[in-house]
Each structure stands twice: as structure tokens, then as C-alpha cells.
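Me: I have a fold open on my screen and I'd like to learn how to read it. Can you walk me through it, feature by feature?

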Amino acid sequence: MKIIALALLLILPFTSPPVPSNPRQSADDSWTRAELKMANTAGNASYLTAEEKDMVIYMNLARMDGARFFDTYFQDFVDAYNIRMQQYGNYEQLKVNRNDNYYRTLRRDLDQVKDFPVFWPDPALSNVAKAHAKDLNRNNYAGHTSKDGRTLNQRIATVYPKKSNGECIAFGFNSGLENVCMLLLDKGVPDLGHRKLILNRSSELNTVGLSIQPHPRYRYCAVIDFVSLPE
């Protein structure tokens, strides 16, 4: 069994949802109705919230056409995020810098992504992700190991034993787009572990479980679990 390298993304808590900037063009207009439908594999997943479904959509769009995702939804996110961060005294630290290495390498990596298989959500795996997100909330901590000592592999093995797996955790955001964009950017994560998981193809991680929950320190935590299942 191959275990994907894990990473943890910690983001400072923010006070409000993103305010759309004046867009160059609606990102939705850059994608066909058929493409958006293809990305919406979680559309009928009644066990997910609207924002959790959005996480699936945006991950899938990035995998379907990375360069176009970068030029559309990701740019809209950066514009809105940077405007909102101007209210903080440490704006220079918080902002997404279009000249830094994380931004430039994301452009490079997404340029190489085209027609990757989409992710499919799974109720059992989403329950695993939800249980861990609630554990993080209840015990006010951050990490991939449960408070009772169970590892990611042990948690996922309760529903899918002996399967390749991985996990992304983000803190501070309650929207699907924000979580996906920040995980792809992976600012402050030298090994780019989140980005590699979301854009992964080598281990055929084709199934995801997701949950966004409140968190006492960071306001929100989002857990995305990945597993390789037979198609």
C-alpha cells in the first residue's frame, strides 16, 4: 500500500467571506455548460453542503484544464482575497504575491495539467473526513493524527483498508473556492504537499471525502481525504 506524503496548511482566521472584485470576465463564462456539468460530480451528493460540493467542482476544473483554471477562477480568488487582506496591518505577509515562487510555480504546474480524471465524492470517506474535522474542532488542535492517536491510514482503513490514500487540511476558510485555491497555492508549504495531492495522477487517487467544520482557533477547518478505488 502506498501512502501519499501529507501536509498541513495553517491559515490565519479571517472575519468575512470574500467580496468579488470587478472581474475581467465572469469565470463561469470561460467554461462551457458541459464542462461545468462534468466537474460537478458531487451535484447529487446530499451528504455534502453546497461549499463542500464546490470544493469538488473547483478541484475537478483545475484537473480538467489547469491553465484555464489559473486564468479564471484562481485570478478571481486572488483579486478578492488581496482586497480583503488590505484591512490587516500585516497585509504584505497575508497577500497572494503574484511575483513570489508559490504563485509562479503554481502557474507552471497548472500549465501541465490537462484532462486529468475527475474526482468522485464518497459518503463513507466523507464521514471519515467529517469525523476528523469535528475532532479538530472539539479539541481545538491541528494535525493529521486524531486526538485518540489514530493516524490517517488507520482512520481511512475503517472504511477502505489497504488503499492508497492522502489528506489535505486547511484552516480559516468556509468557501469551496478559497479552500481549493489556497491548497493549490500551498504558500508556506515547501514540499507543496497539498498541490501534489489535488493534482495527483500517479497513484490514481480518484475518490474524495470532504468536510468543512467550525474551529475555535481558526474559525473553520476543511478536511479532504483521498483514496484510490476501482473505477
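Predicted model: local features only at pLDDT ≥ 70, side-chain atom pairs only at ≥ 80, totals over all residues.

Me: What share of the 231 residues is buried?
Reply: Buried residues come to 54% of the 231.

Me: Now the helices. How do I describe two that pack together?
Reply: You give the angle between their axes and the distance between the axes. Take H2 (residues 50-64) and H3 (residues 66-85): their axes come within 5 Å and cross at roughly 125°. Angles of 65 to 115 degrees count as roughly perpendicular and those over 145 as roughly antiparallel, so H2 and H3 are oblique to each other.

Me: Which residues of H2 and H3 meet there?
Reply: From H2 you have Tyr58, Leu61, Ala62 and Met64, and they meet Gly66, Phe69 and Tyr73 of H3. By class, that contact has six nonpolar residues, one polar and no charged ones.

Me: At what angle do H3 and H5 pack?
Reply: About 135°, with the axes of H3 and H5 (residues 101-111) 7 Å apart. H3 and H5 are therefore oblique as well. On the H3 side look for Gly66, Ala67, Phe69, Phe70, Asp71, Phe74 and Gln75; on the H5 side, Tyr103, Leu106, Arg107, Leu110 and Asp111. The residues of this contact divide into seven nonpolar, two polar and three charged.

Me: And how do the axes of H3 and H8 cross?
Reply: At roughly 100°, and they come within 10 Å; H8 covers residues 176-185. That makes H3 roughly perpendicular to H8. H3 brings Phe69, Tyr73, Phe74, Phe77, Tyr81 and Arg84, while H8 brings Leu177, Glu178, Val180, Cys181, Met182, Leu184 and Leu185.

Me: Which residues touch the most other members of the largest nonpolar core?
Reply: That core has 52 residues, and the ones to click on are Met59, Leu61, Phe69, Phe74, Phe77, Ile224 and Phe226. Ile224, for one, is in contact with residues beyond its sequence neighbours that include Met55, Met59, Cys168, Leu183, Val208 and Leu210. There's a second, separate core of nine residues, with Leu136, Ile169, Tyr218 and Val223 among them.

Me: Let's zoom in on single residues. Is Met64 buried or exposed?
Reply: The cut-off for buried is under 20% relative accessible area. Met64 has 9%, so Met64 is buried. Met64 sits in helix H2 and, away from its sequence neighbours, touches Glu35, Met38, Ala39, Lys114, Asp115 and Val118. The C-alpha atoms of Met64 and Glu35 are 8.5 Å apart, though 29 residues separate the two along the chain.

Me: What does the side chain of Glu35 pair with by polar contact?
Reply: With the side chain of Arg68, at 2.7 Å. Glu35 lies in helix H1 (residues 33-39), and a polar atom of the Glu35 side chain is 2.9 Å from the backbone nitrogen of Thr32.

Me: Where is Ser146, and is Ser146 buried or exposed?
Reply: Ser146 is in the loop between helix H6 (123-139) and helix H7 (152-157). Its relative accessibility is 6%, so Ser146 counts as buried. The Ser146 side chain makes a polar contact of 3.3 Å with the side chain of Arg155. Beyond its sequence neighbours, Ser146 is in contact with His132, Asp135, Tyr141 and Arg155.

Me: One last stop: where does Cys221 sit?
Reply: Cys221 is in strand S5 (residues 219-227). At 0% relative accessibility, Cys221 counts as buried. Asn137 is 84 residues away along the chain, and the C-alpha atoms of Cys221 and Asn137 are separated by 7.7 Å. Contacts of Cys221 beyond its sequence neighbours include Ala133, Leu136, Ala170, Phe171 and Ile212.

Terms used. Residues numbered from 1 in each chain as written. Heavy atoms only, no water. Helix = DSSP H or I, 4+ residues; strand = E, 2+ residues; numbered from the N terminus. Buried < 20%, exposed > 50% of the residue type's maximum accessible area, 1.4 Å probe, protein only. Polar contact = N/O pair within 3.5 Å; in protein donor to acceptor, adjacent residues only side chain to side chain. Contact = heavy atoms within 4.5 Å. Axes fitted to C-alpha atoms, helices over the stretch in contact; angles between N-to-C directions. Parallel < 35°, antiparallel > 145°, perpendicular 65-115°, else oblique. Nonpolar A, V, L, I, M, F, W, Y, C, P; charged D, E, K, R; others polar. Core = buried A, V, L, I, M, F, W, Y, C linked by side-chain atoms within 4.5 Å. Lists of a residue's contacts leave out its neighbours within four places in sequence.
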